[in-house]
Amino acid sequence: MKQDLTFYAIAKRWAIKLAYICVSMAIFSAYGEESVQFKVVDQKGNPVANAVVSAKGEPKDQTAQMAVMDQVNSQFSPHVLVVQKNQSVRFPNSDDIRHHIYSFSQPKPFEIRLYKGEGSNPVTFEKPGVVVLGCNIHDQMLGYIYIAEHEITALTDENGVATLSTQANEFNIWHAKLSTSNSERVTVSRDTTASGVQQVSLSLLEEKKPEVKRRKFSRKFSPGGR
């Protein structure tokens, strides 16, 4: 009987310790991954969509998963695609006309000649940075691929709001209109004393027709699919 009571007492102490550990881990998890929200606006107070908000950290997304940059109504869709370093991207053409897309950007210069449908191989982006996309047939087409490296990222929606789960206190914000080089980022610190959405104002370049240089190719082709 005495041995049974001793065993019961030991088991009870271990159960209490285990419960304490579980509660501690739950509390740490709750505080370890806080939800942080930013609202990005321009110098006139208008919400800014397609801004990339990032912080140092390892993303939980499956970076091995193939990303997609489509072409719809002679526009890149999405306008801004966020991928991780070494991630591959498919470039389907959902239009009924052919496109000839390319990029001169240093992280990944490439081109995919005139095609429709799925007639292109995926492109892997091995270096971090920003890739600007254009079409050699349709000058109005302009898109961006943001290649992150050891970054947790979120893209602002039409209301300018982005949400990240992170412990970080320092964040970078990128937008295509921050600079003519398309590479500038703004660093902001989280206001730990405030609750709710933190607003960030960006000074963006004035709207103007995108300047996309058309590439000259040695082999002539007919833009019959235009």
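**Strands, sheets and one buried serine**

Modeller: Strand β1 (residues 34-41) and strand β17 run parallel and are joined by four bridges. This is a predicted model, in which local features need pLDDT of at least 70 and side-chain atom pairs count only at pLDDT 80 or more, while totals for chains, interfaces and linings use all residues. Residues are numbered from 1 along each chain as its sequence is written, and side-chain values use heavy atoms, with hydrogens and water left out.

Biologist: What makes β1 and β17 a pair?

Modeller: Two strands pair if DSSP finds at least two bridges between them. Strands β1 and β17 have four bridges, so they pair. Within β17, Ser201 stands opposite Val41. A strand here is a DSSP run (E, at least two residues; helices are H or I, at least four), numbered from the N terminus.

Biologist: Which side chains of β17 are buried?

Modeller: Gln198 and Val200, which point to one face of β17 (residues 198-201), are buried. Buried means under 20% relative accessible area, exposed over 50%, and partly exposed in between (1.4 Å probe, protein chains only).

Biologist: Why is Ser179 called buried?

Modeller: Its relative accessibility is 10%, which is under 20%, so Ser179 counts as buried. Ser179 lies in the loop between β15 (170-174) and β16 (185-189).

Biologist: What does Ser179 touch?

Modeller: Leaving out residues up to four places away in sequence, Ser179 touches Glu184 and Leu205. Contact means heavy atoms within 4.5 Å.

Biologist: In what order do the strands of the four-strand sheet stand?

Modeller: The order is β13-β2-β15-β16, in an open sheet with antiparallel pairing. Strands β13 (151-155) and β16 each have a single partner strand, so they stand at the edges, and one side of each is left without a neighbour in the sheet. From one strand to the next, the twist averages 25°. Axes are lines fitted to C-alpha atoms (for helices over the stretch in contact), and angles run from 0 to 180 degrees between N-to-C directions.

Biologist: How do you know that β2 and β13 pair?

Modeller: Five bridges join β2 (residues 52-56) to β13, and at least two are needed, so the strands pair. They run antiparallel. Val52 stands opposite Leu155 in β13.

Biologist: What is the pairing in the sheet of five strands?

Modeller: That open sheet has mixed pairing, in the order β6-β12-β11-β8-β9. Its edges are β6 (80-84) and β9 (110-115), each with a single partner strand.
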